[in-house]
Every structure is written in C-alpha cells, then in structure tokens.
Amino acid sequence: MGEEALIERLARGLGAVQPPVEVGVGDDCAVLRLGDRTLLFATDTMVEGTHFTTDPTNPLTDLVAVGWRLGASNLSDLAAMGGRPLAAVISTALPAEWPVTWVEQAYEGLRKVGDRHGLPICGGDVVRINGPAALTLAVLGEVDGEPVLRSGGRPGDLIAVTGDLGASRACLRGVHDGSESRVALLRRGLWPMPRLEWGQALRGSASAMMDLSDGLATDLPRLAQASGVGVVVREANLPVSDALVTVCGSREVAQREALIGGEDYELLVTLPKGSPLPEVPLSVIGELTAAPSQMEFVGANGEHRPLSEAGGWSHFGSAS
Ligand SMILES: [Mg+2]
C-alpha cells in the first residue's frame, strides 16, 4: 500500500472534521478556527536509519542537524499555509544504547531552529524503545487572514517554486569529496531553511501552496489532485544552484535531480496569471491545466512525458 492510500484509509477511521477544525487530513497543516483566530496544527517524525544516520563514519552524521531538520520540516508546513509559529512539543522514543549527549545534540539543533524562527518548545515526552530512535515534533501556528490551501489552484494558473531545488537529494546520494560545491550542497541538505517569510509574503497572491518535502514530481500531483486540475511542468525552467550543476556535470542532469529530489523544503505555489508577484525568489516552472488526468513534464529535448516516469521519492514505495 502506498503512503497516500494508507493515509486516506487511516483518515477515514478518524471520522469527519468538526468545529473548531475546518481543514483536516490532506493539507500541510490542519486548520482550526477559534473566534477570530485561525490556528495551524501539524506534526512530523524523524526515524533513525530512515531519515538520519548515527554512523560515525558517514559524513552526513550530525545529530544537531537532525534536530534542526525536525524543526525545519514542521516550520515548513506552517510556511506552506502562509502561517507563523506559536509553539511546539516534542516526543522522543529513545533506545537504551543512545548516549544522552546524542539526544542533547538533537534538542540543541531543535532549539537553534526554534530560536531563529520564533518557535518555543514548551513540552514533550520521552519513552524507551527497543529499536531505532524516533523524534516527533508537533507544531502550533497561526495565520493572519486566510490560510493558503492545496485545493485553490485553477486551470491557467502559473506554477512556481521558491529558491532552488535538488540540493538535498544530491547531498544524500553523492560522494563527499570536500569540494566547495559538495560542501555547499551538504550545508543545504543538512540545514534546510523553512520559508516562513516567503510563505507569508505569498499569501494573498497564491491560489494554492504546499511545501516540497517528497520532491516536485511527487508533491505537484498532490497539489493538482487537491485542486482538481492537471499540470504541465518544463524541466528546463527548474531552478538549480551552480553547486548542483557543478556536481551533476550539466544543467540538464541537475534539473532532473531537481524534478525528483526530496526534502528541499522550498514552497510550491500556484498564481493566477497577472497577479502581483511579491518580493520572493520565484521561478515559474509551468501551468495548471483543465484536464485532471494530465500530469506531464516537458523534458530537456521538448518531449512530453508523464511525471510518474520522472522517478520520485515515496517512503513506502509504490508496490503492493
Ligand atoms: Mg508539507
């Protein structure tokens, strides 16, 4: 069973959404209305061996960065609705073999990203586990005005992304030779920046928005499905960093990485044509179409291909 099908099946068992919840499972955050305030609620888990390694010989091993990424991925979900953070709680499942300094390092990283973006950690739980460590953060946020949902995209809207894509996937897969480009990608991959200010600036212009956690080729169909529209994306328009081009050897290869790469934590946004563009680094990469079955990208040679053929990132795989 795929990740989406599993979430759908579990969500059915949770029952219908009712006040004060206005938006339930299926967007980056749940949305709650309390009086004239609109609150956002989200959670994310990082598991040892799946999302991070503790192997001392691996150049990606950095427990402080694990805590940072846990906070950043949750903050990124608030950013995706145009929101800002209020507070978070953390729950940690800890194997007996873990030295206390490791979990202290993870909490230090969480504290760092929290301090930087105004997210106090105000509580939590620690339990013992016979297995890999797991850290779960739940964040509460608020949006001033209407949150931007995944479902607001309309045919003809432009598709755009913030920043540049593909760095994290390249960072995880590559050989770390200490070159300047590799170090730049490593920094981007291990220490992603949640785009909170950009998300807030885009609220008002954007018709739909989500954050890119599983890769454009996987996440864009989710937004399109929520909006009931199709998509055409031009691979040649995907923004990539000079470091990624250097490491990949060509712009074309870098842009394919950008199409399928996960954990970018940039924002994917749709904008009605002619709507004012805020002061945010945005690249227009395609547009929404009227046919919900159309999920296409235009490759480097101008060929139209299904996004599903670009490859992608699914934590559960696509089989069974
Ligand atoms: Mg998200």
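Okay, housekeeping. What you're looking at is a predicted model, where local features need pLDDT of at least 70, side-chain atom pairs count only at pLDDT 80 or more, and totals for chains, interfaces and linings use all residues. Residues are numbered from 1 along each chain as its sequence is written.

Let's start with the layout. The protein splits into domain 1 (3-143) and domain 2 (150-309), with bounds that come from an automatic or database domain assignment. Their centres, taken over C-alpha atoms, are 23 Å apart. Across the boundary, 20 residues of domain 1 are in contact with 21 residues of domain 2; contact here means C-beta atoms, placed from the backbone, within 7 Å. Helix H2 gives the largest share of domain 1's side, 10 residues. Helices (H or I, at least four residues) and strands (E, at least two), by the way, are DSSP runs numbered from the N terminus. By class, that side has 9 nonpolar, 5 polar and 6 charged residues. Nonpolar is Ala, Val, Leu, Ile, Met, Phe, Trp, Tyr, Cys and Pro, charged is Asp, Glu, Lys and Arg, and the others, Gly among them, are polar.

Now, the core. A nonpolar core is a set of buried Ala, Val, Leu, Ile, Met, Phe, Trp, Tyr and Cys residues joined through C-beta atoms within 7 Å. Buried means 20 or more other C-beta atoms within 10 Å of a residue's own, with C-beta atoms placed from the backbone. The largest core has 80 residues, and Leu78, Met209, Leu220, Leu244, Leu267 and Leu268 touch the most other members. H2 (residues 63-79) shows up again with the largest share, 9 residues. Take Leu78: beyond its neighbours within four places in sequence, its contacts include Cys29, Leu40, Val139 and Leu196.

So which strand do I want you to look at? Strand E10, residues 267-271. All 5 of its 5 residues are buried, so E10 is largely enclosed by the rest of the structure. Leu267, Val269 and Leu271 sit on one side, Leu268 and Thr270 on the other.

Who are the partners? Strand E7 (158-162) runs antiparallel to E10, with 4 bridges, and strand E8 (208-211) is also antiparallel to E10 with 4 bridges. Strands pair if DSSP finds at least two bridges between them. Ile159 is bridged to Thr270, while Met209 stands opposite Val269.

Key. A residue is buried if 20 or more other C-beta atoms lie within 10 Å of its own, exposed if 12 or fewer, and partly exposed in between; C-beta atoms are placed from the backbone. Two residues are in contact if their C-beta atoms, placed from the backbone, lie within 7 Å.
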